[in-house]
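Dear colleague,

Please find the structure below, handed over for your study. The notes that follow it set out what was found.

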Amino acid sequence: LALDQATLEYQIVAELYPTSSEYPTAVRKASLLYMNPDNPTHNDSLALHWVSTYLALPVQGPERESARIQAQLLERIAALRQELDQRGHGSDSLIAITRKQEAQLSSQAQQLQSLQTELKQVRQELDKLKQVDVQMNKSRRK
């Protein structure tokens, strides 16, 4: 609860007081808090927004380099999530196709079984007809 409240407070300061001396700190802290996976309001898009805002400020030194690396990581995370989403959609499509093919195979297997049963019956009838034909030929010879 404290992380989400702190995030909100820093965001309010960053949005409402852009000319204050605390603005760069508020922007930086907002970006870091939005990045924190333990934060209930964790949001990579907002983290990237605030770190980009921070990088637009005239800040130098290790803080700037750290923010630049965080921005790159957030952009990479966004790209990977997009790729995962695309693969997920592709996977969903493949699953749907597989299910459809399974249903078709099941239907075809039932049809095949039905045709095999029908073929067996036809063979039995044919055997009966052959027996009748043999008996008729025997009776004609007598």
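Leaving aside residues up to four places away in sequence, Asp44 touches Leu74, Ile77 and Arg81, where contact means heavy atoms within 4.5 Å. Asp44 is found in helix H3; helices here are DSSP runs of H or I with at least four residues, numbered from the N terminus. With a relative accessible area of 13%, Asp44 is buried. The term buried stands for under 20% relative accessible area, exposed for over 50%, and partly exposed for values in between, computed with a 1.4 Å probe on protein chains only.

Before going further, please note that this is a predicted model, in which local features need pLDDT of at least 70 and side-chain atom pairs count only at pLDDT 80 or more, while totals for chains, interfaces and linings use all residues. Residues are numbered from 1 along each chain as its sequence is written, and side-chain values use heavy atoms, with hydrogens and water left out.

Salt bridges

How many salt bridges does the count come to? The count comes to five, a salt bridge being a side-chain nitrogen of Lys or Arg within 4 Å of a carboxyl oxygen of Asp or Glu.

Asp44 and Arg81 meet through their side chains in a salt bridge, with 2.5 Å from N to O. This pair links distant parts of the chain, as Arg81 belongs to helix H4 (residues 62-141) and Asp44 to helix H3 (residues 44-55), 37 residues apart. Arg81 is partly exposed, its relative accessible area being 45%, whereas Asp44 is buried at 13%.

A salt bridge also joins Arg68 to Glu65, whose closest N and O atoms are 2.3 Å apart. Both residues lie in helix H4, three residues apart, which is about one turn of the helix. Arg68 counts as partly exposed at 34% relative accessibility, and Glu65 counts as partly exposed at 36%.

In the salt bridge of Glu83 with Arg87, the closest N and O atoms are 2.8 Å apart. Why are Glu83 and Arg87 separated by about one helical turn? They are separated in this way because they are four residues apart in helix H4. Glu83 is partly exposed, with a relative accessible area of 34%, while Arg87 is exposed, with 56%.

How the helices pack

Helix H1 (residues 2-16) and helix H2 (residues 23-35) have axes that come within 8 Å and cross at roughly 145 degrees. Axes are lines fitted to C-alpha atoms, for helices over the stretch in contact, and angles run from 0 to 180 degrees between N-to-C directions. The crossing of H1 and H2 is left-handed, a term used if the near helix is turned anticlockwise from the far one by less than a right angle; clockwise gives right-handed.

Which residues of H1 meet H2? On the H1 side they are Leu3, Ala6, Thr7, Tyr10, Gln11, Val13 and Ala14, and they meet Tyr23, Ala26, Val27, Lys29, Ala30, Leu33 and Tyr34 in H2. By class, this contact of H1 with H2 holds 11 nonpolar, two polar and one charged residue. Here Ala, Val, Leu, Ile, Met, Phe, Trp, Tyr, Cys and Pro count as nonpolar, Asp, Glu, Lys and Arg as charged, and the others, Gly among them, as polar.

H2 also packs with H4, at an angle of about 40 degrees and with the axes 12 Å apart. The crossing of H2 and H4 is left-handed. Arg28, Leu32 and Met35 in H2 meet Glu63, Ser66, Ala67, Gln70 and Leu74 in H4. The residues of this contact of H2 with H4 divide into four nonpolar, two polar and two charged.

The buried residues of H2 pack against H1, H3 and H4; among them are Tyr23, Val27, Arg28, Leu33 and Met35.

Further points in H4

Glu75 lies in helix H4 and is partly exposed at 46% relative accessibility. Glu75 and Ser45 are 30 residues apart in sequence, and their C-alpha atoms are 8.9 Å apart in space.

Gln124 is placed in helix H4 and counts as partly exposed at 42% relative accessibility.

Yours sincerely

Definitions and conventions
Helix = DSSP H or I, 4+ residues; strand = E, 2+ residues; numbered from the N terminus.
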